[in-house]
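Open the model in your viewer and keep the selection tool at hand. The stops below say what to select next and what is there.

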Amino acid sequence: MFEKRLRSLLGVLALGALVLLGRLGQLQIVHADYYRQRAERSLILTPTQLPFVRGSIRDRNGEVLVSDEPCWDLTIDYGVIAAACEEAPSAILREIKRWKRSGRYPKTVPDEQVQAAMREEIAVMWEELSALTARSPEPQSAFVLRRRAREIYDHIAGIRAAVAVRRGFDAPVAEEGQPHAVLTGLDADQQITAREMFARYPWVHVEASSVRRFAVDAEPFAHVLGRMGRVDPDDVATDPEADDPFAEYRADERLGTSGVEYTAERMLRGRRGQITLDRDNTVIEDIEAEHGKDVTLTIHGPLQRRLYRLLGNVVHQHPASSGGAIVVLDVRTRNVLALVSYPSYDPSLFEELYTDLRDDTDRLPLLFRAVNCRYPPGSTIKPLVCLAGLMNGRITPDSRENCTGYLSEENREAWRCWEVRGTSLRKAHGSIDVVEALTGSCNVFMYRLGERLGVDRLCNTFDMAGVGRGSGIGLREDAAGINPTPGWLMANKHQTVTPGTARLFAIGQGELAMTPVQVANMMATYASGRYRPVTLIQTETPTPEWKLPATNEHWQAIRRGIYGVVNSPEGTAHKYVHFENDRYALCGKTGSATAHPWPTSYRVPYVDEFGVKGVVVVREAAKDPAIERFRREHPLWKIDPARVEVATRWPPYPSPDGDNYSHAWFAAFLQPLDAHRQPDWSREAPIALAVLIEFGGSGAQTSGPLATQVAAEVLNVLGGELDARRLDEVH
């Protein structure tokens, strides 16, 4: 019985084995060709990355200021770059194994022979790359191209080190398995030629790319738009998208490093796509690239260009001036309508001009003056000081002070009123109230008011109007102003408050500092009674605002005083500023803020590697950068930092007035007029502006006339828009 069952079981197993063997025979013999083709088709090729198009930056009317333009890059596999740069043979041996596996070199040929052949091919490749650039505007030699390859190699080594710190261990990074651009910005004809020339080098690729192109006459926008720079190791190590292979930064990419390019990086930047093919070029996977979003600015392009030219003309008329800034704001929204810094540069030629721009420490064309430079606000702060006195009950609109030209008759050399230009006399205003003090910009009135308020109350009111904050513009260059509270003075200057401290702050001097965009916003606050941060990039979400706790009577006194500066015979700007318009009055405040010449180069004594002593002059505007640059350029030379001294300054000669230099301010707003051509204080001013001329001297004489031209241009360019708003207010 047992044997019978065993035979049955063995029979079943044998039958199953026969069926299995038959099926295997069918698969391996009858259908062998079919399944061989299926297996080969399942082998997919290396996915191809699809680039995204970076978003454009436009002005408020839609004019494209900068955009991506299609081009092509010539890239080389990292392994070949490493083989060309590493002295040790390990990199080229890795490449030899790779190309032997691919069949480019026979497996039977010894590695030494292949190595010699491959090195010769790489050497010829550099010469052919150089030949490709021969007819371009900037031909590049084989030496320059090899140096570029070395920069890529060192750059990726830095990325690997930075990522190793983040990971906690060293390992290859993705960039070591990718091709990298050695030539960029090829046009259509060049890319066709390149494909033909380098078809025999499988490690050379022509890939679709893009290049940033600027609008015609983009110089007035250079600082605002900002610059692009290569991704560095820190960018890779701190990349918030590091886990997304389609959005992560890669070594040969560029990203925004300043201006709007930096601020709007996440919006402007897109996501790469990817296409994967099998060996029959059948699409296995197709992920479309997501292009970056466009960014629209609040700036009015034509107005920006006109004001840039106006500012340049005035700067060139004053040989001592190194530059300046103009800011125009919409009072209601605090949108920036113009943000001008002079001098600037052609952003399309930045790389070619960089050395000259960097070394121009007299004019500092790379400086974004409108938002990055802090200056004493001078007399533009006086309306805020008077407002502090009114809100704190230290004065009333009817309070009067007597100005004899000096705070104290016993000491006429200290705490004086301003000097009558062209004389040694001090202005004596006599008995004046708040309106008259602002109209005549009386220092003595402010000294006494500052004493009554004290530094704490002054700084509290300054804070309400945004002094000491960033402007809110969102740019990385935006410098916070300085509101020098007693705590700030102790922490930063190791100083305690004295009676003179409040006096200095009351006339906009001392440690008090603001940028041009902050002064323009302060003027908008005078015009509206509200503070709110400024806006540069258009958004549907308005910035928050708050009203200052002042009464209508207080604001009436402040605004009447500012109106009188230009429109009263006693006003400090009346002699120089003439603004005639049927719809608006120019209400402004002059300011002349004491300025000290700044360093433009440093004298560096040194001892070279042979013990020879010498002195070199380094073009830098500050001591630490001068020392750093010297050490970078002369690593073997020794210096004593304590012996490094200023060699030259700007301006290079004493003030023609025989006194200190001063920066020239004029800040203003346009106040609507009524039917009798008198200020209609029931309606809000639509426009506020600030003008600064570095080392310009008198605010009234230098910046005042320019501000008049600025106001005229604003009305010329935006008049229809402002008139439409007037009609809306009336109805």
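A salt bridge here means a side-chain nitrogen of Lys or Arg within 4 Å of a carboxyl oxygen of Asp or Glu. The model on screen is predicted.

**Stop 1: salt bridges**

Select Arg-271 and Glu-290. Their side chains meet in a salt bridge, with 3.7 Å from N to O. Arg-271 sits in the loop between helix 11 (265–268) and strand 8 (273–277), and Glu-290 in the loop between strand 9 (283–287) and strand 10 (295–296), so the pair ties together parts 19 residues apart in sequence. Arg-271 is partly exposed, at a relative accessible area of 26%. Glu-290 also counts as partly exposed, at 42% relative accessibility.

How many salt bridges does a search of the whole structure find? The search finds 40.

Next, select Arg-212 and Asp-68. Here the closest N and O atoms of the salt bridge are 3.1 Å apart. Which parts of the chain does this pair tie together? Arg-212 belongs to strand 5 (residues 204–214) and Asp-68 to strand 3 (residues 64–77), so the bridge links parts that are 144 residues apart in sequence. Are Arg-212 and Asp-68 buried or exposed? Both Arg-212 and Asp-68 are buried.

Move on to Arg-305 and Asp-217. A salt bridge joins their side chains, at 3.6 Å from N to O. Arg-305 is in helix 12 (residues 301–317), while Asp-217 is in the loop between strand 5 and helix 8 (222–225), so this pair ties together parts 88 residues apart in sequence. The relative accessibility of Arg-305 is 11%, so Arg-305 counts as buried. Asp-217, at 36%, counts as partly exposed.

Now select Arg-54, Asp-68, Arg-212, Glu-261 and Glu-265 together. Salt bridges that share partners join these residues into one network.

**Stop 2: helix 12**

Stay with the helix that holds Arg-305. Helix 12 has 17 residues and spans 25 Å from its first C-alpha to its last, close to the 24 Å expected at 1.5 Å a residue. Colour its buried residues, which include Leu-303, Arg-305, Leu-307, Tyr-308, Leu-311 and Val-315. Gly-301 and Gly-312 are also among the buried residues of helix 12.

**Stop 3: helix 3 against helix 6**

Select residues 78–85 for helix 3 and residues 142–167 for helix 6. Their axes come within 9 Å and cross at roughly 105 degrees. Angles from 65 to 115 degrees count as roughly perpendicular, so helix 3 is roughly perpendicular to helix 6. Show the side chains of the contact: Tyr-78, Ile-81, Ala-82 and Cys-85 come from helix 3, and Ala-149, Arg-150, Ile-152, Tyr-153 and Ile-156 from helix 6. The residues of this contact divide into eight nonpolar, no polar and one charged.

Why can helix 3 be called largely enclosed by the rest of the structure? Seven of the eight residues of helix 3 are buried, so the description applies. The buried residues are Tyr-78, Gly-79, Val-80, Ile-81, Ala-82, Ala-83 and Cys-85.

**Stop 4**

Select Glu-86, which is in the loop between helix 3 and helix 4 (90–102). Glu-86 counts as buried, at 18% relative accessibility. Leaving aside neighbours within four places in sequence, Glu-86 is in contact with Ala-91, Arg-94 and Tyr-153. Tyr-153 also takes part in the contact of helix 3 with helix 6. For a sense of scale, draw a distance between the C-alpha atoms of Glu-86 and Ala-242: these residues are 156 residues apart along the chain, and the atoms are separated by 28 Å.

Then select Glu-121, in helix 5 (residues 111–132). Glu-121 is buried, with a relative accessible area of 15%. Which residues is Glu-121 in contact with, leaving aside its neighbours within four places in sequence? They are Arg-104, Tyr-105, Arg-200, Tyr-201 and Trp-203.

**Stop 5: helix 20 against helix 21**

Finish with residues 516–528, helix 20, and residues 552–567, helix 21. The two axes come within 9 Å and cross at roughly 125 degrees, and that makes helix 20 oblique to helix 21. Thr-525, Tyr-526, Ala-527 and Ser-528 of helix 20 make the contact with Trp-555, Arg-559 and Ile-562 of helix 21. The residues of this contact divide into four nonpolar, two polar and one charged.

Key: Residues numbered from 1 in each chain as written. Predicted model: local features only at pLDDT ≥ 70, side-chain atom pairs only at ≥ 80, totals over all residues. Heavy atoms only, no water. Helix = DSSP H or I, 4+ residues; strand = E, 2+ residues; numbered from the N terminus. Buried < 20%, exposed > 50% of the residue type's maximum accessible area, 1.4 Å probe, protein only. Expected span 1.5 Å × (residues − 1). Axes fitted to C-alpha atoms, helices over the stretch in contact; angles between N-to-C directions. Parallel < 35°, antiparallel > 145°, perpendicular 65-115°, else oblique. Contact = heavy atoms within 4.5 Å. Nonpolar A, V, L, I, M, F, W, Y, C, P; charged D, E, K, R; others polar.
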